[in-house]
Amino acid sequence: MPTKMLQIPTADGQADAFAAFPGGGGPHPGVLMYADGFGIRPVLREMAGELAGHGYYVLVPNFFYRHGPAPVIELPEHIGEEERPAVFAELMPLIEAHTAERTLRDADAFLAFLTAQPEVGAGPVAVTGYCIGGLLATRTAVAHPDRVAALAAFHAPVAADGPDLSGLTAEVHFGHAEGDLTPEALGGINRALDAAGVGYASEIYPGTVHGFTMSDTDSFDSAALQLHWDRLLSLLDRTLIGR
């Protein structure tokens, strides 16, 4: 699977990024993938490669680029409960500094860069993300209704911190961790999606905790990861390939 390390010009500097895409043929539908708060690392490269293997050009930007290239902080090979407090002590200032305004400036640059790649076909793209990356994906899709056909977010804080969804036009899949929100909060999200008038699936993945897709953490759930792939690939096939 071909991969590239890239530099994306933004209003605030150069964002390093990882891209994976199918070898030969093309052009391919584009997918902008936002990492979780731990950032670009081997598990994210593996996930981008897995998705690329299904026929997509996948761009994973380092949205913490203002603080340096990925990995912005030193990460253990496995992020367990013992390591988590020290890691989050370094990460939280970065996360708190990443405002909605920064997200939207970056989204303009990331989408422009993705769609300009020679391996990416014309037409709308998809955005997907994990944890805070799911929130960034949601903000991106809301801000660019004419460019984003599909939005997927997994164990993402779209209930408490999410944007107004009224301008959304993309088809949506939200895969929530059972430990992240109450049925009442899920109902609120789904009512907002109903009001937006978009096609969507928004569901709690049974028995999961926050971070369930990430195999380098103690939160990992292999069955939930597979469910995530089933849901994500079905969404992308409908919205990008089946158009």
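Start by selecting Thr 128: at 1% relative accessibility, this residue counts as buried (buried means under 20% relative accessible area, exposed over 50%, and partly exposed in between, with a 1.4 Å probe and protein chains only). Before you go further, keep in mind that this is a predicted model, where local features need pLDDT of at least 70, side-chain atom pairs count only at pLDDT 80 or more, and totals for chains, interfaces and linings use all residues. Residues are numbered from 1 along each chain as its sequence is written, and side-chain values use heavy atoms, with hydrogens and water left out.

**Stop one: around Thr 128**

Thr 128 sits in strand β5, residues 125–130. Helices (H or I, at least four residues) and strands (E, at least two) are DSSP runs, numbered from the N terminus. Show the side chain of Thr 128 and you'll find that it reaches the backbone oxygen of Ala 152 at 3.1 Å. Now bring up its contacts (heavy atoms within 4.5 Å). Leaving aside neighbours within four places in sequence, Thr 128 touches Val 31, Leu 32, Met 33, Tyr 34, Ala 137, Ala 152, Phe 154 and Leu 232.

Select the whole of β5. Six of its six residues are buried, so the strand is largely enclosed by the rest of the structure. Look along it: Val 125, Val 127 and Gly 129 point one way, while Ala 126, Thr 128 and Tyr 130 point the other.

Which strands pair with β5? One is β3, in the parallel sense over four bridges; another is β6 (residues 148–154), also parallel, over six bridges. Two strands pair if DSSP finds at least two bridges between them. To see individual pairings, pick Leu 32, whose bridge partner in β5 is Val 127, then Ala 126, which stands opposite Ala 150 in β6.

**Stop three: β3**

Slide over to β3 (30–34). Five of its five residues are buried, so β3 too is largely enclosed by the rest of the structure. Gly 30, Leu 32 and Tyr 34 point one way from this strand, with Val 31 and Met 33 facing the other way. β3 also pairs with β4 in the parallel sense, over three bridges, and Leu 32 stands opposite Leu 59 there.

**Stop four: helix α1**

Next, select α1, residues 42–52, and colour its buried residues: Val 43, Leu 44, Met 47, Ala 48, Gly 49, Leu 51 and Ala 52. What do they pack against? The list is β2 (13–20), β3, β4 (57–61), β5 and α6 (222–241).

**Stop five: the pockets and the cavity**

On a 1 Å grid over the protein atoms alone, a cavity is a set of points where a 1.4 Å probe fits but cannot get out, while a pocket is an open set with protein on both sides within 12 Å along at least five of seven lines; lining residues have an atom within 4 Å of a point. Grid points are joined across faces, edges and corners, and a volume is the space filled by probe spheres set on the points.

The largest pocket has a volume of about 420 Å³. It is lined by 28 residues, and Ile 95, Cys 131, Ile 132, Pro 157 and His 210 lie nearest its centre. The elements giving two or more residues to this lining are α2 (84–97), α3 (100–116) and α4 (132–143), with α2 supplying the largest share, six residues. By class, the lining splits into 13 nonpolar, nine polar and six charged. Here Ala, Val, Leu, Ile, Met, Phe, Trp, Tyr, Cys and Pro count as nonpolar, Asp, Glu, Lys and Arg as charged, and the others, Gly among them, as polar.

The second largest pocket holds about 180 Å³. Its lining includes Ile 40, Arg 41, Pro 42, Val 43, Glu 46 and Asp 216.

For the largest cavity, about 70 Å³ in volume, select Gly 37, Phe 38, Asn 62, Leu 75 and Leu 91, which are among its lining residues. That lining has nine nonpolar, three polar and no charged residues.

**Last stop: Ser 219**

Finish in the loop between β8 (200–205) and α6, where you'll find Ser 219. Is Ser 219 buried or exposed? Its relative accessible area is 9%, so it is buried. Its side chain makes a polar contact with that of Arg 84 at 3.5 Å. A polar contact is a pair of N or O atoms within 3.5 Å; within protein, one must be able to donate a hydrogen and the other to accept it, and residues adjacent in sequence count only if both atoms are side-chain atoms.
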